[in-house]
Amino acid sequence: MNRLFWRFALLVVLAIALATCAIYFTFSRLFGDPLEEIARRQAAGQIFLLEQYIDKAPADEWLPRLNKVREVSEATLELQPLKATLAALPSSKRGQLLQGAVVIDVGGKGYYRRVDTTGARYIGSDDDVIHAQRLPIDIGQALGMEAIRFGVIALFLLVPIGWWSRRHWRGLMALSKVADDFGQGDLAARAEVRPASSIAPLAGRINDMAERIGLLMEARKNLLHSVSHELRTPIARLEFGLELLRERHAAGEPALQKRIAAMETDVEELKTLVNELLGLTQLDQAQAMPRKPFALAPLLRECAPPAHLGQRFSASIAGDLGELQGDARLLARAVNNLLGNAAKYAEGRIELSAARVGDGLRIAVEDDGPGIPPEARERVFEPFYRLEREQDYAASGYGLGLAITAKAVQLHGGAIAIDDSPLGGARFVITL
């Protein structure tokens, strides 16, 4: 059964319990204790016998009639001193007894009443009290009947609530599934809810929102893909032109050769940017990633930062990493991106480690560079984002490497986070 129903059921039961308490205390203040009224009705026969048979007798016959009732009745009728009885009763009932009323003792299954208030029955009768016990009072039965009554009411309330909440819960689960599918890259996911459902308007708005987001995402992908492909044509022309220029001026001026080399570097950077854009666009389509089992430890041992930068690199790869289901080339690229990023900022040390942690895998890349401020650790995974630091501009790049890494890790069902490294710089931790 869904959580929605159990919450409703709990609220209904609590509401009935509170309503019962409220009714009991309200009736007690306005009309007297309802339990005493129940006990009075159950003891009505004995009270009738006292008032209509014993009390109707002449004064000299009052005690003999009392004794006759004692002989035939299952209840016990005793005479007690008024002072002792007043001491045993709560203060709220003493006034009733002094006025000659019948005072019910629910717990003792009996009642108290003065013989009379004028001493007319016998000498000193105004100082005596009749104490009846062992009366046919059963409050438990009455309370059980009330419990059954409220139980039936609760049942008839919970059955329609259960039916309604079941349909409502199904609709909510449908919306939750659409949100999960949409978040995992399925832009065609839509909520299917019956028009008569109470959440149908919400589902319609969510579908409209998903439609607009899907169109925007598709337009973004098409734009990046089109721009990247369109840029490849002029880049190829530039490369061809530079090659012709180099051949014509092979023995030309040194300054011209230097300028040609700089232009070739610019063209190479432009090619790298276009390739990164195309790679990021392709990663946006999660369903297109091939998934095959591959051994993780050998793949990580082949990863390394660029060797020409001269940092000291060490790797600690556990041998029990087992196999992973996914794209080996894509995951290797993600780790190499982290190593390349570390190489740009590290002063002398880069470390790569991988080990099993519980049911998952943990891959860490750390360096002894300047690190990343805590307020920027989420944004560095955004495309084209770069820190406003001198080291970042000196390190070049386009701000796409970490975005590609984060997307690749996400496609493998993992997460990536940044914290401080014991080496002094940043530590990127991939959890799979």
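Okay, let's start. Keep in mind that this is a predicted model. The protein chain has 13 helices and 11 strands. It has 432 residues, and 37% of them count as buried. Now look at contacts between residues with a separation of 6 or more. Of these, 62% join residues 24 or more positions apart.

First stop: a pair of helices. Find H3, residues 44–54, and H4, residues 62–72. Their axes come within 10 Å. They cross at roughly 145 degrees, and the crossing is right-handed. Which residues in H3 meet H4? They are Leu49, Tyr53 and Ile54. On the H4 side, the partners are Trp62, Arg65, Leu66, Lys68 and Val69. Sort this contact by class, and you get 6 nonpolar residues, 2 charged and no polar ones.

Next, helix H6, residues 91–98. Arginine 94 sits in it. Is arginine 94 buried, partly exposed or exposed? Its relative accessibility is 34%, so it counts as partly exposed. Set aside the neighbours within four places in sequence. Arginine 94 then touches Leu86, Ala87 and Leu89.

Now two loops. Lysine 109 is in the loop between strand S2, 103–105, and strand S3, 110–114. Its phi is positive, about 50 degrees, yet it is not a glycine. Lysine 109 has 41% relative accessibility, so it is partly exposed.

Arginine 134 is in the loop between strand S4, 128–133, and helix H7, 139–183. Here too we have a residue that is not a glycine, with a positive phi of about 60 degrees. What about its surface? Arginine 134 has a relative accessible area of 58%, so it is exposed. The cut-off for exposed is over 50%.

Last stop: helix H11, residues 328–345. Then follow the buried residues along H11. Among them are Leu330, Leu331, Val335, Leu338 and Leu339. Asn341 and Tyr345 are buried as well.

That's the tour. Over to you.

Technical notes
Residues are numbered from 1 along each chain as its sequence is written. This is a predicted model: local features need pLDDT of at least 70, side-chain atom pairs count only at pLDDT 80 or more; totals for chains, interfaces and linings use all residues. Side-chain values use heavy atoms; hydrogens and water are left out. Axes are lines fitted to C-alpha atoms, for helices over the stretch in contact, and angles run from 0 to 180 degrees between N-to-C directions. Helices (H or I, at least four residues) and strands (E, at least two) are DSSP runs, numbered from the N terminus. A crossing is left-handed if the near helix is turned anticlockwise from the far one by less than a right angle, and right-handed if clockwise. Contact means heavy atoms within 4.5 Å. Ala, Val, Leu, Ile, Met, Phe, Trp, Tyr, Cys and Pro count as nonpolar, Asp, Glu, Lys and Arg as charged, and the others, Gly among them, as polar. Buried means under 20% relative accessible area, exposed over 50%, partly exposed in between (1.4 Å probe, protein chains only).
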